[in-house]
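Hi there,

Here is the structure I promised to pass on to you. Have a look at it first, and then read my notes below.

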Amino acid sequence: MDTMRERFASVAADLLDTDPRVAVVLADISADAFAQARRRHPDRVVNLGIREQLLISVAGGMALAGMRPIAHTFASFLVERPFEQIKLDLTHQGVGAVLVSSGASFDYSASGRTHQSPGDVALLSTLPGWTVQVPGHPDEAGTMLRAAAAGGGLVYLRLSGLANAAPLVGSGEEFTVLRRGTEATIVAVGPLADAVIEAASGMDVTVLYASTVRPFDRHTLRATLGAPVVVLVEPYLAGTSVPEVASALADLPHRVLGLGVSRAELRRYGTPQEHQAAHGLDAASLRERIAGFIDTGVAAETGGPHRLPARSLA
Amino acid sequence: MTDVSTAPTYSYADLPDLMAMMTGDEKHDLAAESTLDVLWVLYDRVLRLSPATADAESRDRFYLSKGHGPMAFYAILTAKGFIEPDALPGYGRFDSVLGQHPDRNLVPGAEISSGSLGHGLPLAVGTALGLRALGLTQDRVFVLTGDGELDEGSGHEAIAFAGRAGLEALHCVVVDNSSASYGWPGGIETRFAAEGWSAVRVSGRDHDALEAALTAPHPGRPHAVVAVI
């Protein structure tokens, strides 16, 4: 199976062949993967060099000319570094574009904080009009990219090296009901679905799978709600979608727990799996935290850097 | 859309009156606006752009990057039939479309929303690339910036890439009124020339010199006109 990033390159190359308004804009990252497509479409595969402010602005300017730009680099340099360009050169101009990131929260676990972007979805949540998609499988990523390119709006596609074993949904914006239960609803986002399914084994809970998180499918959450107890499991900054749940359940006394990547810096290297566990997002940690919250209402502090032993060169 | 065949025609001499409708200021102060002459020359002599063609796919584009103090821009859009004169007195008010920075979604004829510095030239690079990809080889993009605005690093990402990409459709007018806190030793045009642009320096008040500079051929390269005030 190819990775989401490899699927992005192959699907985008196909879109370049079939849709004359599609352009791919790069800032060195993944340029090799588009070398062949660039030879076929030299005016529509543009590598700007290491210029991420220009990456977003060029997408905006291409859209003003009538193109459908797809801009891509690592999430930290696509969303966080040029955030004002996203706010002004895309959203405020009123044009559409597709932003496709790779790297996610800790794909580059050994590269450290500079290459990790747990805050990207929270940042984009401050802007109106964005569709934010977090595929859990390369098949989902490909389907979402085709739909995004065919549309005209603002779409953020957040690719990750972490993936579920099988696709769970097409490109729809509605949540998928994986299991029904009565004591709580767990919303599993993108590539954390497999861990959530394992963690919830034997629990009397509803499990919803979310690969589109903006707009947030409040209708399905509400329509499938048993006890008004909701646990969000997001592969980016913990609590990012808690306000969405709070709005969906505003007229109900409810409890909500937002699990995800810790705000505190980990300052550790190693593998993505080690980071997933360190943030309390592996199946065993999730099971403990979810069960504890359902039973006692207490959010157990399993994850986060404060749990790790201190290190020192001394 | 304004029907230009019946609209009153305005000349350069009418611009201070139109600007005074927005500000209530003395007309002779308004004539000193740094962008007035270059904007007039662009809209009166250079741009292939009118209210009738404002939505055409094939046309010239003008991006006002230096969006602060847009009275001269609004006055010229009025003179050229994009804006109705009766919109001018509302300038800056809650229910007006004319803000202290232009919003392309509100102002007829404003092709980008600007105000935050350092966005217009990078956007124009994208549009020039888009026009090239769409085969619209007759269309040009003109962007107006300033020597102070070029303090922003984003402009230099755009200058370097556009030069190397040979974006002939791209034209950058830099109004140089010595407002950059630390200046540009050797002249701001040298930054463009070093990156492969065609670059000239002219008086920002001399209409014939501006027209000649803005329309000078520059095959295979983007073109910068530094208009000195």
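How many Å separate the centres of domain 1 of chain A and domain 2 of chain A, taken over C-alpha atoms? The answer is 27 Å. Please keep in mind that this is a predicted model.

To find the two parts in chain A, look at 4-158 for domain 1 and at 176-306 for domain 2, as the domain assignment gives them. Where these domains touch, domain 1 of chain A contributes 22 residues and domain 2 of chain A contributes 20 residues. On the domain 1 side, α6 (120-124) and β5 (130-133) of chain A each supply at least two residues. The largest share of that side comes from β5(A), with four residues. Sorted by class, the domain 1 side has 10 nonpolar, eight polar and four charged residues.

Now for the contact between the chains. Here 25 residues come from chain A and 23 residues from chain B. On the chain B side, you can pick out α5 (120-133) and α6 (153-165) of chain B, each of which supplies at least two residues. The helix that gives the most to this side is α5(B), with 11 residues. As for the classes, the side of chain B that touches chain A divides into 11 nonpolar, eight polar and four charged residues.

Enjoy exploring!

Best wishes

Note on methods: Residues numbered from 1 in each chain as written. Chains lettered and ligands numbered in written order. Predicted model: local features only at pLDDT ≥ 70, side-chain atom pairs only at ≥ 80, totals over all residues. Domains from an automatic or database assignment. Contact = placed C-beta atoms within 7 Å. Nonpolar A, V, L, I, M, F, W, Y, C, P; charged D, E, K, R; others polar.
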